[in-house]
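Visitor: I am new to this one. Please show me the structure, then walk me through it.

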Amino acid sequence: MDRNFNTFVKTIFLLEHQQKLLSAVSIILGSNDTSLETKLSAICSLLKHEIKTYDWVGFYFAKAETKTLHLKAFAGIPNDHTVIPFGKGICGQVAVSNENFVVADVQSQDNYIACNIDVKSEIVIPLFTNNNNIGQIDIDSNTANAFDKTDVRLLEQVNKLISDHMTSNNISINIS
Ligand code: SME
């Protein structure tokens with residue numbers, strides 16, 4: 001009984017925290033005189049700062065002509081994988097599958113690109129505008145099995161806010 005109640009209280013706090021994060025994301029997106037890339041960087045910093053198991057947070061965007069993903073914003077340790085071919089690694093697989101990918105243990109994956117030896121788990125959630133998979137949010141954690149369905153739900157909602165912002169303001173990401 002007590003254990004159930006503790007779980008219930010923890011869930012309420014978690015959902016309230018996530019609601020606050022989503023409000024903050026909306027405020028960031030609504031700010032004037034700032035580029036989308038700057039706003040995405042601020043969202044990465046917010047999520048990394050506010051959720052202790054999020055050690056690296058980034059947004060990759062797809063270039064259809066070359067079938068490559070391009071890192072456009074991140075918070076955390078810089079890495080060399082700023083361009084990832086479709087199909088390669090967890091990110092590249094999501095570019096092709098259009099599906100969320102939650103990896104509890106990155107060592108268990110054959111098709112995985114290591115950015116940092118400390119990373120233990122990863123989540124990638126695709127970002128859609130007008131039903132097109134245009135990019136993704138990618139999060140690495142130095143904690144094993146760091147992501148569950150509450151993270152999936154939060155990150156889907158973050159991506160939806162970004163997608164709505166892009167479509168209603170007719171903004172696209174510039175990939176050179
Ligand atoms: N691990 C990713 C590469 C990107 S880094 O995590 C920042 C992958 O396997 O696609």
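**Strands and their partners**

Guide: Three bridges join strand β2 to strand β3 (residues 83-85), and the two run antiparallel. Strands are DSSP runs of E with at least two residues, helices are runs of H or I with at least four, and both are numbered from the N terminus. Two strands pair if DSSP finds at least two bridges between them. The model is predicted: local features need pLDDT of at least 70, side-chain atom pairs 80 or more, while totals for chains, interfaces and linings use all residues. Residues are numbered from 1 along each chain as its sequence is written, and side-chain values use heavy atoms, without hydrogens and water.

Visitor: In β3, which residue is the bridge partner of H70?

Guide: Look along β3, which is joined to β2 by three bridges. The partner of H70 there is V83.

Visitor: How many bridges pair β1 with β2?

Guide: β1 covers residues 56-63 and pairs with β2 in the antiparallel sense. The number of bridges between β1 and β2 is seven.

Visitor: Which residue in the hairpin turn has a positive phi?

Guide: β1 and β2 form a hairpin, with four residues between them. The phi is about 50°, and the residue is K67.

Visitor: How many residues of β2 are buried?

Guide: Buried means under 20% relative accessible area (1.4 Å probe, protein chains only); exposed is over 50%, and partly exposed lies in between. β2 spans residues 68-75 and is mostly covered. Of its eight residues, the buried ones number seven.
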